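Student: Could you walk me through this structure, one feature after another? I would like to learn how to read each of them.

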Amino acid sequence: MLTFALSVSAEEQTPGADKFAQLGQELPTPGETRLASGAPGPEYWQQRADYRINVELDDQHQRIIGNEQITYHNHSPHILKYIWLQLDQNRFRPDADDVITATAPDFEEFPYRGMQNLLSRREFDGGFAISEITGQDGGALAYTINKTMLRVDLHTPLAAGQSLVININWEHNVLDAVAIRSRGGYEYFAEDDNYIYEIAQWYPRVAAYTDFDGWNNKQFLGSGEFTLELGDFEVNITVPADHIVAATGVLQNADEVLSDAQLERFQQANNADKPMFIVTPDEASDNQQDQASDKQTWRFSAENVRDFAFASSRKFIWDAMAVNSGDNSVLAMSFYPNEAEPLWSQYSTEAVVHTIEVYSRFSFDYPYPAAISVNGPIGGMEYPMISFNKPRPYKDKTYWDSRQDPKDHTWERSKYGLISVVIHEVGHNYFPMIVNSDERQWTWMDEGLNTFLQFLAEQEWETEYPSRRGEPKEIVEFMLSDDQVPIMTNSESLLQFGNNAYAKPATALNILRETIVGRELFDFAFREYSQRWKFKRPTPADFFRTLEDASGVDLDWFWRGWFYTTDHVDISLDKVTLHRLDTGNPDIDKPLARQDDQEQPETISQLRNAGQQTRQQRRPQLSDFYSQFDEFAVTPYDYAQYEELLAGVEDRERVQLETDKLFYTVDFTNIGGLVMPLPLQIEYADGELEDLMIPAEIWRRDAQHITKLLITEKTITRIAFDPYLQTGDADVSNNHFPREIQKSRFQLFKQTEEPNPMLRQEPDGWKQDDN
């Protein structure tokens with residue numbers, strides 16, 4: 001059993017100091033706005049924007065026409081001469097920077113979907129058409145459109161603590177989201193001549209103005225998502241009278257837009273403990289047969305949200321159930337066409353509820369009254385209280401479970417693909433809809449944190465859930481790749497976007513929780529961060545500082561390695577050496593020396609010469625004292641030497657000479673560059689296994705090579721580094737001493753030939769057997 005362990009290191013100061021240097025100039029200087037603890041300070045402020053919007057969906061021409069009134073509240077201590085707004089639909093103009101700066105695709109392997117997107121982007125007439133911008137008095141306001149940004153110039157500068165009103169009239173086409181990769185658009189069903197609309201980034205939205213960045217008016221190029229101000233929304237959505245609408249917020253006029261039966265079910269659903277239909281599959285089928293010519297308006301109200309999205313279709317089935325989050329009652333809902341069955345009625349709303357239950361436990365109670373999952377053309381996209389999720393079965397109603405074939409294209413046709421995307425997109429309500437981080441600058445702050453919680457929620461869904469991100473072993477391939485940049489890179493410059501912004505930070509947090517900080521301390525710190533920055537706008541420094549402040553663990557070395565570099569984990573367990581103390585007692589030392597000598601391997605010559613008669617054996621007169629001398633036999637001289645030794649030591653030193661402890665030195669080399677803890681498993685000769693966790697600080701003086709001393713009472717037969725795959729180590733072949741045989745499998749294939757030109761001339765000649 002391991003009784004004591006200490007480190008043996010070469011120099012007092014060797015090349016480990018840089019790895020453990022505190023994050024100084026990398027982080028902004030704290031102050032009274034943002035404290036050194038990572039918490040908002042007494043002078044923290046953030047802006048606010050409230051919206052009143054009227055919008056009409058033109059189902060004949062796939063177009064929306066709207067007007068909005070923005071009430072902007074200047075809570076900053078600054079005077080503002082103009083207001084910046086985002087015009088995200090301008091990204092879809094043919095002359096948009098997103099189009100012009102796009103690099104050429106890989107034509108060696110170019111999918112049909114890629115070609116469709118390429119050509120459709122050139123043809124689609126996208127972008128806002130703004131007809132008028134006025135102030136509260138109705139007078140025109142000067143404005144300038146700079147690609148995806150709009151600057152409104154104020155007649156009078158807006159003083160600190162003051163508010164103003166801006167009115168905007170606008171319209172734009174809705175794109176075909178099946179043809180053009182986007183976060184919103186429509187899906188057309190030729191069989192019944194109907195559409196599903198998922199409408200997002202659809203109105204001019206006030207850009208964020210912050211203490212750390214001023215106006216966030218960075219152009220939208222497609223990857224870096226959104227940074228918005230919180231506010232209240234009153235939205236009136238006019239659609240064909242037979243449409244069903246799902247939207248951010250609470251429906252205000254259900255008695256006007258639902259049938260009596262649907263209204264009764266809607267009211268019952270607020271107390272339902274399992275999903276129940278508000279619009280049934282039969283009603284949805286009947287509804288899509290005839291297209292109404294009249295219109296009706298759905299009215300929604302949402303408080304303290306940063307955005308608003310909606311979906312509309314006559315094809316929607318609608319189911320719902322209630323879930324409590326703390327003292328809050330939440331209506332979990334799903335909207336989907338019959339084409340989404342049988343997956344959606346079984347799993348979607350249940351996944352919404354599961355997300356709220358798990359995420360709330362790790363962060364804060366879900367504060368909104370609704371949480372919605374909508375099936376349509378958008379692969380997965382999140383907005384306050386509503387998410388768009390694409391996975392649905394094939395037309396024959398079959399689907400994958402994704403364990404057998406976890407490829408991306410089948411993931412969208414799988415059970416777990418649906419459950420995972422619902423968890424992920426509904427989870428975004430917490431990050432960044434409520435913990436309102438800057439997506440345009442730091443994608444990982446919402447995607448990474450959300451993917452981490454998604455992994456925890458998936459693992460609570462069922463045993464051995466096939467999570468694609470979160471486990472350290474799954475990040476190895478990416479961390480070994482060449483085309484990568486640090487996590488802290490701006491969103492628009494990321495390479496391998498999904499791995500960089502989703503998988504790597506999620507894995508890093510999982511490693512912190514399971515290996516470095518521990519579940520109890522990590523969960524407390526993560527919850528503290530979530531609650532500190534609920535309905536506020538954190539930066540990476542606030543996250544880093546809060547986790548250290550609340551856990552009491554110095555993690556600067558971890559943030560530096562995982563978030564600021566592209567190093568990977570590859571730690572080699574190079575060598576194990578047994579060091580045994582010579583006690584000076586010949587009755588102990590001589591037998592051990594004899595044993596060591598007998599354990600020495602024989603050379604090939606010694607083996608082959610065994611049994612041959614030597615000259616000395618044939619002629620005994622050649623023998624002398626040394627011919628029979630036993631160097632391991634105890635002699636009177638040995639006893640005298642031992643007595644002399646004992647006479648020269650004190651009693652406490654004599655006790656040390658009598659120890660029966662075994663001393664093992666274990667050599668490690670850091671090949672990958674990332675310093676990490678050393679989780680070890682030690683196996684003893686009697687079969688006992690012992691786990692030992694050595695903190696990462698063992699590398700603090702030398703980040704390349706260290707030697708660890710293990711003092712044991714029993715013989716060690718085997719040592720394994722990272723036996724539970726908890727560090728993301730890239731090469732497990734060097735994780736054991738002695739080394740283990742590495743296993744692999746291979747397949748045979750039969751070579752085939754293309755038919756020659758003569759065979760190609762014959763009818764079906766190319767089908768002939770090549771024999």
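Student: In what order do the strands of the open sheet of six strands run, and what is the pairing?
Tutor: Strands of a sheet pair through backbone hydrogen bonds, either parallel or antiparallel. Here the open sheet of six strands has the order β17-β20-β21-β22-β24-β23, and its pairing is mixed. Two strands count as paired if DSSP finds at least two bridges between them; strands (E, at least two residues) and helices (H or I, at least four) are DSSP runs numbered from the N terminus. β17 (276-279) and β23 (380-383) are the edge strands, each pairing on one side only. On average, neighbouring strands of this sheet are turned by 20° against each other, direction ignored. Such axes are lines fitted to C-alpha atoms, for helices over the stretch in contact, and angles between N-to-C directions run from 0 to 180 degrees.

Student: Before we go on, what should I keep in mind about the model?
Tutor: This is a predicted model, so to speak of local features we need pLDDT of at least 70, and side-chain atom pairs count only at pLDDT 80 or more, while totals for chains, interfaces and linings use all residues. Residues are numbered from 1 along each chain as its sequence is written, and side-chain values use heavy atoms, with hydrogens and water left out.

Student: How many bridges join β17 to β20?
Tutor: Three bridges join β17 to β20 (residues 317-325), and the two strands run antiparallel. Met 276 has Ala 320 of β20 as its bridge partner. Helix α8 (residues 415-427) packs on the sheet, touching β22 (370-375), β23 and β24 (386-389), and its direction makes about 150° with that of β24. Contact means heavy atoms within 4.5 Å.

Student: Which strands form the open sheet of four?
Tutor: The order is β9-β10-β19-β15, with antiparallel pairing. At the edges are β9 (185-189) and β15 (244-247), each of which pairs on one side only. Neighbouring strands in this sheet are turned by 10° against each other on average, direction ignored. Four bridges join β15 to β19 (residues 310-313), and Val 245 has Ser 312 of β19 as its bridge partner.

Student: How do I read a nonpolar core, and which residues touch the most other members?
Tutor: A nonpolar core is a set of buried Ala, Val, Leu, Ile, Met, Phe, Trp, Tyr and Cys residues joined through side-chain atoms within 4.5 Å. Buried means under 20% relative accessible area, exposed over 50%, and partly exposed in between (1.4 Å probe, protein chains only). The largest core has 194 residues, and Trp 202, Phe 543 and Phe 558 touch the most other members. Helix α6 (residues 343-362) gives the most to this core, with ten residues. Leaving aside neighbours within four places in sequence, Trp 202 is in contact with residues including Ile 53, Phe 128, Trp 170 and Phe 310.

Student: What span should helix α14 have?
Tutor: The expected span is 1.5 Å times one less than the number of residues. The twelve residues of α14 (residues 540-551) should therefore span 16 Å, and the end C-alpha atoms are 17 Å apart, which agrees.

Student: Is α14 mostly covered or mostly exposed?
Tutor: Mostly covered: eleven of its twelve residues are buried, among them Phe 543, Phe 544 and Leu 547. The buried residues of α14 pack against α10 (444-461), α12 (497-516), α13 (519-532) and α15 (556-564). Gly 552 follows α14, and its phi is positive, near 75°.

Student: How many salt bridges does the structure hold?
Tutor: A salt bridge is a side-chain nitrogen of Lys or Arg within 4 Å of a carboxyl oxygen of Asp or Glu. The structure holds 43 of them. In one, Lys 295 meets Glu 56, with the closest N and O atoms 2.3 Å apart. This pair links distant parts of the chain, strand β18 (residues 295-305) and strand β2 (residues 48-58), 239 residues apart. Lys 295 is exposed, with a relative accessible area of 52%, whereas Glu 56 is partly exposed at 28%.

Student: Are Lys 315 and Asp 192 buried or exposed?
Tutor: Both Lys 315 and Asp 192 are buried. Their side chains meet in a salt bridge (2.9 Å, N to O). Lys 315 lies in the loop between β19 and β20 and Asp 192 in the loop between β9 and β10 (194-199), so the pair ties together parts that are 123 residues apart in sequence.
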